[in-house]
Amino acid sequence: FGGEYFLTGKGFGINLADDDGFQVRDDASLLSPHNVHLTVLARTGVPGFALWVALQLAYAGSLIVALFHARSCGHREWQALFLLLFTYWLAMLVNASFDPYLEGPMGGIWFWSVMGVGLAACHAYRYRREVLA
C-alpha cells in the first residue's frame with residue numbers, strides 16, 4: 001500500500017511477473033502471478049483498488065436487497081434469479097481470489113456478463129416486475 005505506486009499503480013502496459021521478479025517461464029508468458037484483487041491493486045494503485053472493492057460491495061448489496069425484497073413479497077421466481085446470480089458471482093469472485101481467472105476471456109466475459117445481467121435484473125424487478133411473473 002505504500003511507496004511510489006500508491007496513487008497510480010504500475011499501469012496496464014507492463015508484465016507484472018517480469019517487473020516484480022516472479023517470472024517462472026523462459027518465454028515470459030506469465031503475465032500476472034497474482035490473484036485478481038492483487039492485480040487490480042498493482043495496476044491501479046490504492047484508489048483503483050478501493051473502487052474495485054466498492055463496485056463489488058455495491059453489486060452484492062443490490063442483489064441482496066432485491067433478494068430479500070422479493071422474498072418478503074413472495075416473488076419466488078425473482079428470488080431464485082437473484083440467488084442464482086449472487087451465487088454465480090460469488091463463486092467466480094472466490095475463484096478469482098486464487099488465480100488471475102478474470103484476466104482471460106474464459107472468466108472475464110462470464111464475470112462481467114453476470115454483473116450486467118444482475119444489474120438488469122435489479123432494474124427490471126424495480127420497474128417491470130411482471131416480466132418474470
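**Exercise 1. In which helix is Gln56 found, and is Gln56 buried or exposed?**

Before we start, a word on the model: it is predicted, so local features need pLDDT of at least 70 and side-chain atom pairs count only at pLDDT 80 or more, while totals for chains, interfaces and linings use all residues. Residues are numbered from 1 along each chain as its sequence is written, and side-chain values use heavy atoms, with hydrogens and water left out.

*Step 1.* Look along helix 2, residues 36-73: Gln56 is found there. Helices here are DSSP runs of H or I with at least four residues, and strands are runs of E with at least two, numbered from the N terminus.

*Step 2.* Gln56 has 5% relative accessibility, so it counts as buried (buried is under 20% relative accessible area, exposed over 50%, partly exposed in between, with a 1.4 Å probe and protein chains only).

**Exercise 2. Find what Gln56 touches.**

*Step 1.* Setting aside residues up to four places away in sequence, Gln56 touches Trp89, Leu93, Phe111 and Met115; contact means heavy atoms within 4.5 Å.

*Step 2.* With Trp89 there is also a side-chain to side-chain polar contact of 3.0 Å. Such a contact is a pair of N or O atoms within 3.5 Å; within protein, one must be able to donate a hydrogen and the other to accept it, and residues adjacent in sequence count only if both atoms are side-chain atoms.

**Exercise 3. Describe how the rings of Phe86 and Trp89 are arranged.**

*Step 1.* Phe86 and Trp89 are three residues apart in helix 3 (residues 76-96), which means about one helical turn separates them. Both Phe86 and Trp89 are buried.

*Step 2.* The structure holds eight aromatic pairs. In the pair of Phe86 and Trp89, the ring centres are 5.6 Å apart and the planes stand at 40 degrees, so this pair is tilted. The rule covers rings of Phe, Tyr and Trp (its six-membered ring) with centres within 6.5 Å: planes under 30 degrees apart are stacked, over 60 edge-to-face and the rest tilted.
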